[in-house]
Structures are given as C-alpha cells and as structure tokens.
Amino acid sequence: MKALFARVAALPRDKADTLLLLASALLVLAPHVNHLPGWVSLLCAMTLSWRAAITLRGKRMPPSLLLLPLAAAAMFGVAHSYQSLLGRDAGVAMLVLLVAFKMLEMHARRDLFVVVFLCLFLVLTNFFYEQGIGTALLMALSVLALLTAQLSFQFTGVVPPLRQRFLMSAKVLGLATPLALALFFLFPRFDGPLWGMPGDAASARSGLSETMAPGTMANLAQSGEPAFRVRFEGAAPPQEQLYWRGPVLGAYDGRTWTRLDARMRRATARQPLTLSTQGKGVGYEVTLEPSYGHWLFALELPQRLPELDGNAATVSGEFELTATNAIEARLRYRMVSHLAYRLQASALLDDPDPWLQLPANLNPRALLAGLELRAEPDPRKRVDAVLQRFRRDNYVYTLNPPPRAQRRRRFPVRQPRRLLRAFRRRLRVPDARGRRAGAGRHRLPRRRAQSAGRLPHRAPVRRPCLGRSLARAARLGAHRPHRRRGAGAGAARPRRRDPAARTVRYRRFGALHAARWRNESVAGPAALRRRRGQQRLEPVDPELHAAAPARRGRQCAVLAGRLAHAAGAGHPGKSVAAVAILAAPPGNRSGRCAILGPVFAPGPAGTGALGR
Amino acid sequence: MAPQSLTRRMGDRMRPSSVDEGELVLSQRRIYILPTRPGLGFGALLLVLLIGSINYGLGLGYALTFLALSCALVDMVLTWRNLAYLRLQPLRGPNVFAGQEAVFQLQVRNTSRRARYAILVDVAGNDAPRHAVDVPAQGGATVRMAVPSGARGWLEAPRLTLSTRFPLGLFRAWSYWRPGTRALVYPFPEEGAPPLPSASSSALDGAGQAGEDDFAGVRPYQPGDPLRRLAWRQIARLDPVDGGQLATKHFEGGARTELVLDLATMNPQLDLELRLSRLTRWVLEAESRALPYAFRLGADSYDAAYGAAHQSACLRALALYGLGGKR
C-alpha cells in the first residue's frame with residue numbers, strides 16, 4: 001500500500017491528474033450502484049480499473065476498433081435490461097457507461113471538460129433515486145473533487161501539491177456558496193414539468209379524474225407525483241383502515257363510470273342516513289398538492305368539513321368532499337375522522353335506485369347477472385353475493401386490463417347457429433329465410449311478411465344475432481320442458497303459452513337487424529339446463545306493453561330496462577328479473593313495438609327466480 | 001484566416017502604435033474577459049441541469065445547478081484576478097544581427113499576496129501562446145520573447161497578449177501590452193568578405209595591403225590571389241572531393257599602416273547594404289584580431305581604437321546609417 005502511494009506520488013504530473021480525474025469519476029458513479037443492474041456496475045468498475053492500470057503502467061490507450069464493439073454491446077445490454085433505450089432509467093445507465101468509456105478515450109484537453117461535465121450531470125441523475133442529507137453531502141464532495149480535477153489540468157509550470165489544490169477548489173466552493181444559497185431560495189419553483197413526459201398514446205397516468213372507462217387504456221402508468229401528504233397526530237392507523245374517499249363514480253353507461261348526474265346527486269343528498277361512530281376520531285393534517293380540481297381528501301369518515309381560507313368545502317350525499325374554488329395552490333387543513341363507524345347499518349336506503357341502475361348497452365350476460373343481484377331484496381345478501389362472486393371467479397386487480405374489444409370475446413361463445421336453431425324451435429319463430437324450426441324447408445311466407453310492415457321485396461336477409469337472454473327468456477317464458485335437439489316437427493310438442501307473455505311470432509326477421517345485438521355471449525345449454533325446475537313466473541301487467549314508449553330503431557335493452565324498472569316500480573317488493581327484448585321493425589309507422597320475448601317477473605318477494 | 005488578419009489589420013489601424021512606456025500596471029480597464037468554448041459548454045450544461053430539476057422537481061437538483069452556476073461566476077472573478085494588477089516592465093532590448101532572433105526580456109512582477117499561475121504570453125495574434133509563466137506572490141518572473149529580425153535598424157517590440165484561463169478554464173481573461181523597448185539590428189556581416197583594407201590602399205577593387213612580414217595564417221582562396229601565396233601543403237592534404245579547399249597564406253605585421261574602415265573608399269558601384277555588410281564584417285574581423293581601426297561612416301568618425309565600446313559604436317552607426325532618426 002505504501003509502495004503504491006509512493007509510486008502515485010512520484011508520478012509525472014499529467015498521470016497524477018488523470019488519476020485524480022478517475023477518483024472523482026468513481027466518487028460520482030458510486031451512488032448509482034444501488035439502482036443500476038449488476039452488470040453495468042461491474043463493467044464500469046472494470047473499465048475504470050483498466051484506465052488506472054494504463055495510467056500507472058504507461059501503456060497506450062485501446063484503439064477505437066476495440067472500443068466501438070464494446071460500446072455497442074453495452075448499448076444492447078442496456079436495451080435488454082430496460083426494454084428500451086428511451087426513458088429515464090435507461091438513459092441514466094447509458095450515461096454511466098458513457099462516462100466509463102470516455103475515460104478510455106480521452107485524448108485532447110477538450111475531453112477533460114466532457115468528462116467533468118458528464119460527471120456533473122450524473123450527480124444530478126442520482127437525485128432521481130434519493131435526495132437525503134447524505135446525498136447532499138456526497139454531492140458537495142463530488143463537486144469539490146471534480147473542481148480539483150479540472151483545476152489540476154490548468155497548471156502550466158509549477159503545480160502545487162494536492163492538498164493545496166483541494167484548498168483552492170474549497171475556496172472556490174466557499175465563495176460560491178452564498179450566491180448559490182441566495183439563488184436557491186429566491187428562484188421560483190415551477191409546479192409540474194415544463195412539458196409532458198414522453199409516453200405512448202395508449203397509456204395514461206393514474207390520477208384523479210371524474211370518469212373511468214376500463215378497457216380504453218391499455219396500460220395504466222403509475223404517476224409518482226404526490227397527491228397529498230398526511231401527518232397524523234399520534235400513531236398512524238394501519239394500512240387497511242386508510243381509505244381516502246375521492247370522487248364516487250356511481251353511474252355506468254356500459255362503457256364509462258362517471259359520477260351520478262346532478263339530479264340523482266340531489267336525491268342522494270336529500271335522503272336521510274343513520275350514522276353512528278365509535279371511539280375518538282383520528283386527528284391528522286393533510287397537505288394537498290394543487291391539482292386544479294375540487295377534490296378534498298379525508299379519511300373515512302370525517303367528522304366535519306375541512307376549513308380552508310377563501311374556499312368553502314361541501315360534502316355530497318356520497319360523502320365526497322369538494323371545494324367550491326379550484327385548488328391552485330398547496331392547501332393544508334386539519335381533520336378528524338372516525339375510523340370505526342356504522343353508516344345506514346340497519347335501514348334500507350329510501351331510494352336505492354341511483355345505485356341499482358343498469359346501463360343500456362351492457363353485455364347481456366352481465367345484464368342478467370346485474371338483474372339477479374338487484375332481485376335480491378336484502379342488501380346484505382346482495383353484498384354477500386357480490387363478494388362471493390369475486391371470490392369464486394378469477395378476479396384480479398391489474399393496471400393492465402385488456403382493451404375493450406378483446407374483453408368481449410372472453411366470455412364463452414357457443415355456436416350461435418345451433419343456439420339460434422334451438423331458440424327458434426322453442427319459440428316457433430321462423431329464421432331468416434322464413435323457415436320454421438323443425439320443419440324441413442322453410443320459407444318466408446311473403447304475404448304474411450308484408451302484413452307486418454313495409455319491407456322491400458328482397459330484403460337483405462342476414463342471420464340475426466340473438467343474445468343469450470333471448471334463448472333463456474324463450475325457454476323460461478314458454479315453460480316448455482326441455483327438448484332435445486332434433487326432436488320431431490311441431491305437432492307433438494305441447495304448446496303451452498303464457499297468455500300474458502305476449503309472445504308474438506315475429507315474421508319479420510329483417511327487423512332483427514334493428515336490434516343490433518352482437519353475438520358475443522351466449523349461454524351454453526348446461527347453464528340453461530340449470531333453469532329447470534324453476535318457479536313459475538308470474539306475468540307482468542299487460543298494460544305495460546302499451547305504455548312502453550316506442551322508438552324507432554332504438555336499442556332494445558333501453559326499453560327493456562325501463563320496462564323492467566317500471567315493472568319493478570309497479571310491484572313493490574318484487575324486482576324484475578328478466579327483460580323483454582323489444583325490436584322496432586323498420587318502417588314501422590305505427591310506432592308500436594313488438595315483443596319477442598316474454599316479460600315476466602318472479603313470484604313473491606324473497607325468491608330469486610333466476611337465483612343462483 | 002482572412003477574418004483574423006482583417007481584424008488584426010483593422011485593430012492595428014485603430015490602435016496606432018501606442019507604446020506603453022516604462023512599467024505598465026494591468027488595471028481593471030485593460031483586462032478583457034470572455035467565456036471559452038468549454039465555458040459555453042458549461043453554460044449549456046447548467047441549462048440542462050436546471051430544466052431537469054424543474055421537470056422532475058428535484059430540490060437537490062436546484063441546489064446543484066445553482067452551486068455550479070455560482071462556481072462559474074466565482075471562476076470568472078478569479079480568472080480576472082489572476083491577471084489583474086500585474087506589473088509589466090521590459091528590460092533593455094538586445095542587439096542582434098539581421099536575420100537572427102531578437103530575444104526581448106520582459107519582467108512580470110506580482111505585488112499581491114496571491115500567486116499567479118498559468119499566465120500565457122505571446123505575440124498578439126498568435127492563437128496558441130508559446131510562453132507560460134507562473135508568478136509567485138510578491139515575486140517576479142521573466143519572459144523571453146524571441147522576435148525574428150529582418151532588416152537592420154531598430155526593431156520595436158511587438159504587441160503582446162497576456163492571457164490566462166487559470167482556475168477552471170471556463171473563462172479567458174486577456175490584456176495587450178506593447179513594451180517600450182526596441183532592439184538594434186546590425187547589418188548581417190558578409191560571408192566571404194575580402195580581407196581588411198589598409199589605409200594607404202587606393203586599389204579599386206578594395207583589396208588593400210596590410211604589412212606582410214609575418215605569416216599570420218591561412219585564409220580561403222580568393223580569385224586573383226597570386227599563385228605563389230597559396231598554401232600548397234595544406235591544399236594537398238585534403239582531397240577536394242573530401243572537402244578540401246584552396247587556401248592562401250596571408251601575412252601581416254610589419255608595416256603598421258592604420259586600418260581605416262570607410263564607406264566612402266569602397267566601390268560605390270556596390271549595393272549600399274552590401275557595403276555595409278562588408279564593413280560590418282571588417283569591423284568584426286578587426287576586432288577579433290585586436291587591430292585598432294578607425295571608422296568613418298557618413299557623419300560618424302571614430303579614431304583608431306579597438307574594444308567592445310568602439311565596436312558597438314561602429315556597429316550602431318552601421319545599423320542606423322541612413323535610416324533617419326537616431327535613437
């Protein structure tokens with residue numbers, strides 16, 4: 001060791017300066033070992049020691065022919081480790097390797113400055129990962145070392161000893177500190193980046209928005225920016241009790257979750273709630289970053305509204321806290337929240353309808369599941385059903401949901417044609433070419449076709465797509481015993497039709513286009529067999545048929561939903577379990593809809609007709 | 001190159017040769033300072049650091065940026081101070097023969113308590129300064145500036161640039177200095193001049209006769225030398241192929257005629273510069289042989305003497321003959 005020191009001390013001037021530069025580069029690169037992949041650190045260490053060996057032994061530096069493939073290989077390695085060359089972390093790794101390789105390639109005076117500047121930039125990149133006091137001290141030390149190295153190269157004749165050079169650069173730093181402090185405190189800080197960070201179009205940052213449309217974003221990136229900071233007076237509650245309520249998205253239109261609309265919010269705000277809290281509340285102070293929105297955050301359940309200067313806080317019926325003015329500056333407010341509380345513990349909500357809405361263009365299978373849930377009158381059992389569903393099926397929490405188009409195909413798709421035929425057989429509905437199920441050849445009787453409405457002579461006949469609910473509705477509503485496929489033609493089958501079901505034999509299949517149902521989810525026969533032995537379903541009030549507003553070409557389920565709702569409303573205590581599929585024939589001037597499937601309601605309350 | 005010479009020419013025209021007589025103190029007004037190329041790169045680095053700190057909200061990033069900025073500003077002041085209040089004084093100018101390099105000696109004194117490092121001195125217009133001095137505190141250093149000389153006469157010291165980048169190399173401070181010294185350039189002594197004339201000679205070709213009693217050595221052969229005077233033995237010693245040359249014995253001593261070196265007695269058909277060169281050579285030769293020689297040149301007339309003072313007076317007269325203002 002002493003021999004090494006003696007050897008270093010006896011080195012000629014330029015070699016000693018190079019070693020000093022190597023040492024300061026090492027000081028700058030050392031903190032990066034924590035977050036760089038192992039091979040990068042190893043490669044840098046090897047490169048720097050190679051350079052030191054060259055300097056000590058006086059050998060020549062390696063030629064570019066050797067360095068270029070090495071550098072290219074390092075680049076490939078970085079691209080492999082980080083899956084791309086762009087981005088913050090990959091860039092830092094590339095910079096580190098660049099500094100290491102540049103040391104091997106220093107030829108001119110200019111290269112010294114390049115190395116020193118790169119090292120300064122690396123000091124900054126270290127701050128992405130940590131910014132503690134230790135890092136600050138290391139930064140000062142690194143700057144001192146870099147300044148000394150830069151200074152050493154400026155001497156021409158007499159070179160003072162190393163200690164004196166350190167003192168010189170310390171003097172420079174010391175003179176620089178007051179001005180740096182002044183600038184540090186006086187320079188304005190900008191909120192947020194000067195321009196957006198690069199990212200692909202499909203990805204979005206998680207943040208607070210008032211809508212959420214699963215499936216429209218392929219990749220949800222997590223933003224590291226703090227939303228707010230909390231300081232608890234006393235011990236912080238355990239993690240599972242820290243629920244911060246922001247916007248409550250209660251309305252779903254089949255595609256996007258949004259907040260309830262104003263009318264419904266007024267309704268929810270008006271309804272009485274029973275609330276009981278236990279124990280003392282938890283006191284805490286929230287420092288909210290400016291978000292230019294209105295949301296205020298508090299733990300469930302806040303005792304009172306936060307007090308803000310110049311800004312009034314309001315609470316909605318869903319216990320969302322909002323400020324009247326947009327939050328453009330950092331806010332701080334003190335809150336007390338009760339973590340142990342019972343909200344609406346025993347009573348039912350007066351008007352649960354806003355929360356039990358079913359959207360129009362929902363997947364029929366999901367729609368039926370929703371209706372089953374809604375059929376459950378006891379809220380506890382409803383919640384249990386949902387939780388059971390979560391437990392039983394494979395639900396995972398992910399920030400990378402498959403895009404919407406793919407998701408629809410996830411549900412098991414059975415052969416539509418087979419089911420269609422089965423359905424037709426049940427319902428005695430002729431298919432696209434007017435054939436009756438079970439008959440040999442089917443023709444659309446032209447005369448009867450024209451009686452139902454105006455359809456051109458040669459209508460483009462497409463195979464209609466019918467949802468699962470149709471088939472099921474047909475089976476259940478028709479109350480026929482289960483038939484095997486391929487059973488004989490019509491006469492042997494008992495035709496028991498529910499008079500109130502109003503199954504209209506619809507001759508006009510062209511009208512089914514108007515339904516615009518997609519055939520993406522159809523139940524298999526197995527699920528339908530489970531329906532055997534279900535309770536007989538009561539008919540709905542026939543007047544509803546006439547009361548249903550007719551729309552031309554409107555999607556069926558909208559009407560169905562409303563109809564069901566109306567049915568449910570007319571029958572308190574019962575909930576409508578299935579829907580009617582309505583179709584408006586094209587060219588229907590009369591404005592009347594025909595019902596393809598039966599509308600039915602379950603029996604007495606408490607029994608889920610389709611209950612699983 | 002063209003813009004450089006243009007600026008130089010324009011600068012020279014704008015600044016008529018204002019000689020800084022005596023000692024010059026590099027005051028505040030005389031020092032210019034600008035960033036160097038690495039300094040500009042450092043500025044770009046600072047900008048990048050600042051933008052990175054803003055975009056990613058790094059508090060320590062701001063600290064680093066401002067620290068680096070302050071270091072650059074402090075470096076600017078220190079670079080200026082490295083050059084400021086230096087005292088520059090030229091020493092006496094050298095005397096050289098035409099064609100040789102005149103080495104001016106310039107003294108740089110530092111009266112402050114701070115040592116000055118890496119002061120680069122060179123003739124103004126040279127981009128890569130050749131001389132670097134370190135001036136210790138309360139001390140001085142000497143710079144030797146070699147300037148090639150052309151014609152005979154006075155050679156003014158050229159305008160010098162003193163520059164420094166010392167502490168961190170981010171800024172360059174420089175100043176100009178035109179020292180008030182000049183070098184005296186004598187005419188170049190002629191190679192192969194005819195031998196020294198004697199006072200009584202009036203031969204047209206200028207070859208005179210001094211006393212010829214004693215054999216005084218061998219000199220190179222000149223066409224016209226009598227063949228009896230050639231040093232045959234010496235000639236025979238060395239083959240002309242191997243470098244042997246014809247040589248003539250020459251004799252001196254005895255009649256001690258006074259040696260007078262006079263421009264007027266020389267062949268007026270010769271070029272003036274040639275005559276002056278020949279005279280220079282005769283002066284040097286007479287001096288080397290310790291022959292007293294009288295010297296007459298234009299208005300100067302020196303009695304026969306020899307010695308350094310006589311020689312320098314003669315050479316000076318030769319250097320300044322016909323050049324207008326003396327001194």
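Author: Setting aside neighbours within four places in sequence, A:Thr55 is in contact (heavy atoms within 4.5 Å) with A:Lys15, A:Thr18 and A:Leu19. A:Thr55 belongs to helix 3 of chain A, residues 38–57. Helices (H or I, at least four residues) and strands (E, at least two) are DSSP runs numbered from the N terminus. A:Thr55 has a relative accessible area of 6% and is therefore buried. Buried means under 20% relative accessible area, exposed over 50%, and partly exposed in between, with a 1.4 Å probe and protein chains only.

This is a predicted model, in which local features need pLDDT of at least 70 and side-chain atom pairs count only at pLDDT 80 or more, while totals for chains, interfaces and linings use all residues. Residues are numbered from 1 along each chain as its sequence is written, chains are lettered from A and ligands numbered from 1 in the order in which they are written, and side-chain values use heavy atoms, with hydrogens and water left out.

With 41% relative accessibility, A:Arg334 is partly exposed. Not counting residues up to four places away in sequence, A:Arg334 touches A:Glu233, A:Gly283, A:Tyr284, A:Glu285 and A:Arg304.

Next, a helix pair. Two packed helices are described by the angle between their axes and the distance between the axes. In chain A, the axes of helix 6 (residues 109–126) and helix 7 (residues 133–152) come within 11 Å and cross at roughly 175 degrees. Axes here are lines fitted to C-alpha atoms, for helices over the stretch in contact, and angles run from 0 to 180 degrees between N-to-C directions. Helix 6 and helix 7 of chain A are therefore roughly antiparallel, a term for angles over 145 degrees, where under 35 is roughly parallel, 65 to 115 roughly perpendicular and the rest oblique. On the helix 6 side of chain A, the contact residues include A:Phe113, A:Val116 and A:Leu120; on the helix 7 side they include A:Met139, A:Val143 and A:Leu146. The residues of this contact divide into eight nonpolar, four polar and no charged. Ala, Val, Leu, Ile, Met, Phe, Trp, Tyr, Cys and Pro count as nonpolar, Asp, Glu, Lys and Arg as charged, and the others, Gly among them, as polar.

Some backbone details follow. Most residues other than glycine have a negative phi, and most peptide bonds are trans. The bond from A:Glu300 to A:Leu301 is cis, with omega near -5 degrees, and A:Leu301 sits in the loop between strand 11 (298–299) and strand 12 (313–315) of chain A. B:Tyr85 is not a glycine, yet its phi is positive at about 60 degrees. B:Tyr85 lies in the loop between helix 3 (59–83) and strand 3 (86–90) of chain B and is partly exposed at 42% relative accessible area. B:Gln138, also not a glycine, has a positive phi of about 55 degrees; B:Gln138 is exposed, at 55% relative accessibility.

Chain A has 19 helices and 19 strands, and 40% of its 612 residues are buried. Chain B has six helices and 17 strands, and 45% of its 327 residues are buried. The model scores ipTM 0.77 and pTM 0.56.
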